[in-house]
Amino acid sequence: MIESLLVANRGEIARRVIRTARRLGIRAVAVHSEADADLPFVTEADEAVCVGPANPAQSYRNVEAILDAARSTGAQAIHPGYGFLSENADFARTVEGAGLIWVGPGADAITAMGDKINARNLMAAAGVPVAPGTTEPAADLDAAVAAAAEIGYPVMVKAAAGGGGMGMGVAADEAALRTEYDKVRAFAERMFGDGSVLIERYFPRVRHVEVQILGLADGRVVALGERECSVQRRNQKLVEESPSPAVSPELRERFLAAAVRAGEAVNYRNAGTVECLLDPATQEFFFLEMNTRLQVEHPVTEYVYGVDLVEEQLRVASGLAPTFDPDALTPRGHAIELRINAEDPKRFLPGPGAITTWNEPSGAGVRVDSGYVAGNTVTPFYDSLLAKLIVSGATREEAVERARAAVAQFEIVGPKCNLPFFAELLENPEFLSGDYDTGIVGRMR
C-alpha cells in the first residue's frame, strides 16, 4: 500500500481523501493556496505546503509547485480529487514521469474520454448507446446548421472539451442555433482552450443517470450501481441519490453492462463515472460523457454498496485487490446527497463571506463531508461548495425523512446558503414521487 500521499486539491474533497489516508496509516500531505491557509484540510493533514496565491492557476493548477511540494515532503503518490488537474492527462503523465504514483486512471484513458466527440465515437464502437449527433466537430456555423437539420431540432450545442455542465446550450430552431453556436464556441475557447463544438439531439424531458465504475488492478472493470442526478441548476447537479427511483432491475442490468463496456473500451483503471441521459418515456438511455476521476457524489454509492471508494482508489493505484468481492456486489438501502453551496436559494448566485456560525446535523444515517468550520471565510476564488449532506435509510422514504431533519438542523450563518432550497425540494410532490427529470428546479422557480 502507498505510504505517503499528497492531495492536490482543497476543501471538502481534500479533507475527505485525508480522512481515509489517515485511517489506513498513510501519511497525508496537503497543498493549499494563501487564501486557504486556515481551512480544516490544511490543519488535518500530517504536513501542508503553500503552493501559491489564491488564483488557482498559480496554486492548485500550478504543476511545478505541486511536484515541488511532493518532492520536498517525500510524498509517494498524488491524489487529484475532482476539478483542477484531476482530468488533465498531461499532469498524470508528468506525475508518473517524476516517479510518483498517480491515483487515477491512466493518461491515455483521460485523453480518450476528455474529448466528447472522440468519446462518443469510442462508445458507439463499443456498443454503448449514444444519442444522435455529430461524429466530428462542426467546423463552422454552416456545418452546425446542416448537422442540426439532419439530427432534428431541438439540439444541444456542446463544447467538445467541456465538462461539469459547462459549455452547453439548447437551440429549438436555426435562429437559436446561430446564437448558441457562437456563444458556446467562444466560451469553450476561453475556458478550455479548445473551441470545438458538437451537435446532438436534445431531449426536452430527460433524466440524468450515471454509473460508478472501478477499474481493478487485475484489469477487470466492475460497476457499483447507478446514481440519479436529475436535480440540477444550469446543468450542474444539486442532488444525487442511489439507487435511481427511475431504474427498474432490468434497466439497471443494461445500464451497468453498458458502463462496464465503456470502461473496458479504454482499459480503464481506478474510479470513474459513466454519465447517461435516460428518456423516461421510452426507457432508452444514451451515453453523455465519462468522468475520469472521483465524483462529488461518490458518498451515496459508498453507503449503498458499503465500500470506501477512496480506499479502493488507493488499493488499485498500489496494485492491490479490492476489499470487496467483485462478483458479489449487492446494494442495500437508499442514500441521498445534497450539495450545500454558498449561493442564494432562489437564483443560485454565489454569495461568499465569513462564516460566523456552523452547526452540522448528526444522527443515524447522517454524514457531512464539509470543507469549512465557523471562523473560516468563503472566498470568491473557488467553487461555491461548502459541504455535502449525505443521508441514508433502509428505504427512499426513510432517507427523505432523515434528509428533512438534517436540513432543519444544519445551521450556517454568514455567506449565502442554499439550505432553504433543499427544505422546499424535500416537500415537493414531484421529487417525493420519484418521477422527476432535469427540469424540476425550473418548475420550482
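Select His79, Pro80, Gly81, Ser86, Trp102, Val103, Gly104, Pro105, Thr292, Arg293, Leu294 and Gln313, and you have the residues that line the largest cavity of this predicted model. About 40 Å³ of space lies inside that cavity, and the structure holds one cavity of 30 Å³ or more. Coloured by class, the lining shows five nonpolar, six polar and one charged residues.

Next, display helix 4, which runs over residues 89-97, and pick out Ala89, Phe91, Ala92 and Val95, which are buried. Looking down the axis, you will find these residues on the same side of helix 4, because they cover an arc of only 160 degrees around it. In general, residues three or four places apart in an α-helix point the same way, since there are 3.6 residues a turn. Turn to the other side of helix 4, where Asp90 and Gly97 are exposed.

At the start of helix 4, select asparagine 88 and aspartate 90: a side-chain oxygen of asparagine 88 reaches to within 3.0 Å of the backbone nitrogen of aspartate 90. Just after helix 4, centre on glycine 99, whose phi is positive, at about 85 degrees.

From here, move to the peptide bond from tyrosine 153 to proline 154, which is cis, with omega near 0 degrees. Proline 154 sits in the loop between helix 7 (141-151) and strand 6 (155-159). Another cis peptide bond joins serine 242 and proline 243, where omega is about -5 degrees, and proline 243 belongs to the loop between strand 11 (236-242) and helix 9.

Follow the chain onward into helix 9 (residues 249-265) and select arginine 252. Is this arginine buried or exposed? Arginine 252 counts as buried, because its relative accessibility is 19% and the cut-off for buried is under 20%. Leaving out residues up to four places away in sequence, arginine 252 touches Glu226, Pro243, Ser244 and Val247, so that its contacts include Pro243, the proline of the cis bond with serine 242.

Asparagine 270 has a positive phi of about 80 degrees although it is not a glycine; you will find asparagine 270 in strand 12 (residues 270-279), where it counts as buried at 1% relative accessibility. Phenylalanine 348, also a residue other than glycine, has a positive phi near 60 degrees. Phenylalanine 348 is located in the loop between strand 14 (334-341) and strand 15 (353-354), and its relative accessible area of 4% makes it buried.

End the tour at isoleucine 390, which is part of strand 19 (residues 385-393). With a relative accessible area of 0%, isoleucine 390 is buried. Which residues surround it, once its neighbours within four places in sequence are left aside? Isoleucine 390 is in contact with Pro299, Val300, Tyr303, Ile336, Glu337, Gly365, Val366, Arg367 and Asp369.

Key:
Residues numbered from 1 in each chain as written. Predicted model: local features only at pLDDT ≥ 70, side-chain atom pairs only at ≥ 80, totals over all residues. Heavy atoms only, no water. Buried < 20%, exposed > 50% of the residue type's maximum accessible area, 1.4 Å probe, protein only. Helix = DSSP H or I, 4+ residues; strand = E, 2+ residues; numbered from the N terminus. Arc of directions from axis to C-beta. Polar contact = N/O pair within 3.5 Å; in protein donor to acceptor, adjacent residues only side chain to side chain. Contact = heavy atoms within 4.5 Å. 1 Å grid on protein atoms, 1.4 Å probe; cavity = no way out; pocket = protein on both sides within 12 Å on 5 of 7 lines; lining within 4 Å. Points joined across faces, edges and corners; volume = space filled by probe spheres on them. Nonpolar A, V, L, I, M, F, W, Y, C, P; charged D, E, K, R; others polar.
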